[in-house]
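Okay, thanks for coming, everyone. Let me put the structure up, and then I'll walk you through a few side chains.

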Amino acid sequence: MKKVLIFGLMCSLLFQVFSLSESAVFGTGTVYVRPSGGTLHLRSARTTESESLGIVHHGDEIRVLDLGDEWSYIFSYRVGTNGYIKKKYIADFVPDENVFNSITFTDVSDSSDTYSIPGEFLLDLDGDNTLDTVNVSLHYDEYGNEYMRLIITSAFGSSGEATIPFSSYASTIAFLKPDDSSTVYVFVTGDECSSDFATYGFYLENGHMKNVSFFPPEPFEPGIRMDGHMDRIENGEVHIEPVLDVLGTRFYDITMSLNSNALTYTGDGTYWYIHDLSDPELWEYASLKTKAEIPAVIGENPATLPPETELIVTWVNVSDQKIGFITKDMTSGYFVYDENTDEPWCINVGGIFESDAFYFIPYAG
């Protein structure tokens, strides 16, 4: 269960700053040295005098993070890092549909549209009447997995940086300025793994970048991220929409509001009962059917779900390693799970391997 295993990956502060140009063009390409082949240095800067980060070969497939005019900023799968090569050595370039945004905001309110990322956004984050910069750039790790790097730079210099495990798919950013505050809060949301969405928040305080803390209702967990995709910011509230996820479909809809630089739950309901569970199409798409007898807890009492029970996953609590569910007869409860050491992307549910516990594991994405 991918969401479970990557839960520990949180935002970490970094210090190296890279800022894409406003006209950054993303895409894919192939290294072309000469018809007979050859190699190139992957450079740390836009000059042949800069450090060589490794060697790329003629015919290598690459990700282009900024095509540029003379030098291109790329990710080399061979070397396993980002760096620069001259644009003339890139062949078969195919641009992404994902366009780099560059937007200047003259005003921010308690309601916000969501904007696609990567991008660069200029706005006054701390109420000092000068423009600060929020830059979200796309990068790749040594395994070729996408991630986002968010950098906040105040008018007076570098403020902080966070690495966020998002792919570029469905990644958005929004800004919230509460009525009673001069601070603008930055919220980013995106796909971490297999349609598992998460939302993070940041703000600027005394020239330093800070994390917004989340304090959701039980059984969700507090921290610096909220499971779920940011649907909108409206009247000072951040709306986290229902999420399609692995091991069935989680159903919840959470509304959060800011209180002392933290998001706290303000909705009047979460979990399954906000959804129409009498809809046959919902069960056809989202339900799991048990294959074996699975130990569970219903109410506060130990129980066993018999084979052929249909259920929907309604929440997951990673710290307590519990999975909430509801059955077609409206019985609610939870399973206890643990990680399967032999299959790193899988779990044991009630001590039973997931593919032995259920007929079908509907991985989303």
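Predicted model: local features only at pLDDT ≥ 70, side-chain atom pairs only at ≥ 80, totals over all residues.

Residues are numbered from 1 along each chain as its sequence is written, and side-chain values use heavy atoms, with hydrogens and water left out.

So, salt bridges. By that I mean a side-chain nitrogen of Lys or Arg within 4 Å of a carboxyl oxygen of Asp or Glu. How many salt bridges does a search of the whole structure find? Six.

Let's start with Arg78 and Asp60, whose side chains meet at 2.9 Å, N to O. Arg78 sits in the loop between strand 6 (71–76) and strand 7 (81–86), and Asp60 in the loop between strand 4 and strand 5 (61–66), so this pair ties together parts 18 residues apart in sequence. Strands here are DSSP runs of E, at least two residues, numbered from the N terminus. Asp60 is buried, at 11% relative accessible area, while Arg78 is partly exposed at 47%.

Next, Lys328 bridges to Glu310, with the closest N and O atoms 3.7 Å apart. That one links distant parts of the chain too: Lys328 is in the loop between strand 29 (322–327) and strand 30 (332–339), and Glu310 is in strand 28 (residues 310–317), 18 residues away. Lys328 comes out partly exposed at 47%, and Glu310 partly exposed at 26%.

Then there's a network: salt bridges link Asp231, Arg232 and Glu234. Within it, Arg232 and Glu234 meet at 3.5 Å, N to O. Arg232 is partly exposed at 32%, and so is Glu234, at 37%.

Last stop, Ser50, in the loop between strand 3 (39–43) and strand 4 (52–57). Is Ser50 buried or exposed? Buried, at 12% relative accessibility. A polar atom of the Ser50 side chain lies 2.7 Å from the backbone oxygen of Thr47, and the backbone oxygen of Ala45 is 3.2 Å from a polar atom of that side chain. Leaving out residues up to four places away in sequence, Ser50 touches Arg43, Ser44 and Ala45, where touching means heavy atoms within 4.5 Å.

Methods. Helix = DSSP H or I, 4+ residues; strand = E, 2+ residues; numbered from the N terminus. Buried < 20%, exposed > 50% of the residue type's maximum accessible area, 1.4 Å probe, protein only. Polar contact = N/O pair within 3.5 Å; in protein donor to acceptor, adjacent residues only side chain to side chain.
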